[in-house]
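Good morning, colleagues. Please look at the structure as I speak.

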Amino acid sequence: MTTTFADGTKMTTYVNPDMTWQQSVGGKTSKGTYAWKDATHVCFTVTDPAPADPSKATGCNEIKGDHKVGDTWSETGPNGAVITMTITAGR
């Protein structure tokens, strides 16, 4: 998954079948685990680097639509800015 923010910053997230993920943005990498809360909400927990405040290690997102590999779409981020999401296969 590639996320492009309004300022042009790109974030790459690899979501693995073993319920782990890795995210890179601006030369920094984070890793962790994920779990489905229900059919449309997924929660990501940061494990590396360990967060300074463990209560903020997990964040949940609503997954909207039925997107597949090759799809690109736009969403409005939490701050109101438009972000573009693209799903690509593999690494």
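Strand 1 and strand 2 form a hairpin with five residues between them, and in that turn glycine 8 has a positive phi of about 95°. Strands here are DSSP runs of E with at least two residues, and helices are runs of H or I with at least four, both numbered from the N terminus. Before going on, I note that this is a predicted model, in which local features need pLDDT of at least 70 and side-chain atom pairs count only at pLDDT 80 or more, while totals for chains, interfaces and linings use all residues. Residues are numbered from 1 along each chain as its sequence is written, and side-chain values use heavy atoms, with hydrogens and water left out.

Strand 1 covers residues 2-4 and pairs with strand 2 in the antiparallel sense over three bridges; two strands count as paired if DSSP finds at least two bridges between them. Within this pairing, threonine 2 has threonine 12 of strand 2 as its bridge partner. Threonine 12 also has a bridge partner in strand 3, namely serine 24. Next to that, threonine 13 is bridged to glutamine 23 of strand 3. In total, five bridges join strand 2 to strand 3, and the two run antiparallel.

Strand 2 and strand 3 form a hairpin as well, with four residues between them. Which residue in this turn has a positive phi? It is methionine 19, at about 70°, although methionine 19 is not a glycine. Methionine 19 is partly exposed, with a relative accessible area of 33%; by the cut-offs used, buried means under 20%, exposed over 50%, and partly exposed in between, with a 1.4 Å probe and protein chains only.

The peptide bond from aspartate 48 to proline 49 is cis, with omega near 0°.

Let me now turn to the overall fold. The chain has eight strands and zero helices. The radius of gyration is 13 Å, close to the 12 Å that the globule rule gives for 91 residues, so the chain is as compact as a globular protein of that length. That radius is taken over C-alpha atoms, and the rule is 2.2 Å times the number of residues to the power 0.38. Of the 91 residues, 18% count as buried.

Finally, the largest pocket has a volume of about 1300 Å³. A pocket is an open set of points on a 1 Å grid over the protein atoms alone, where a 1.4 Å probe fits, with protein on both sides within 12 Å along at least five of seven lines; lining residues have an atom within 4 Å of a point. The volume is the space filled by probe spheres set on the points, which are joined across faces, edges and corners. The lining of this pocket comprises 40 residues, of which Met1, Thr3, Phe44, Asn61 and Met85 lie nearest its centre. Elements giving two or more residues to the lining include strand 4 (28-38) and strand 5 (41-48).
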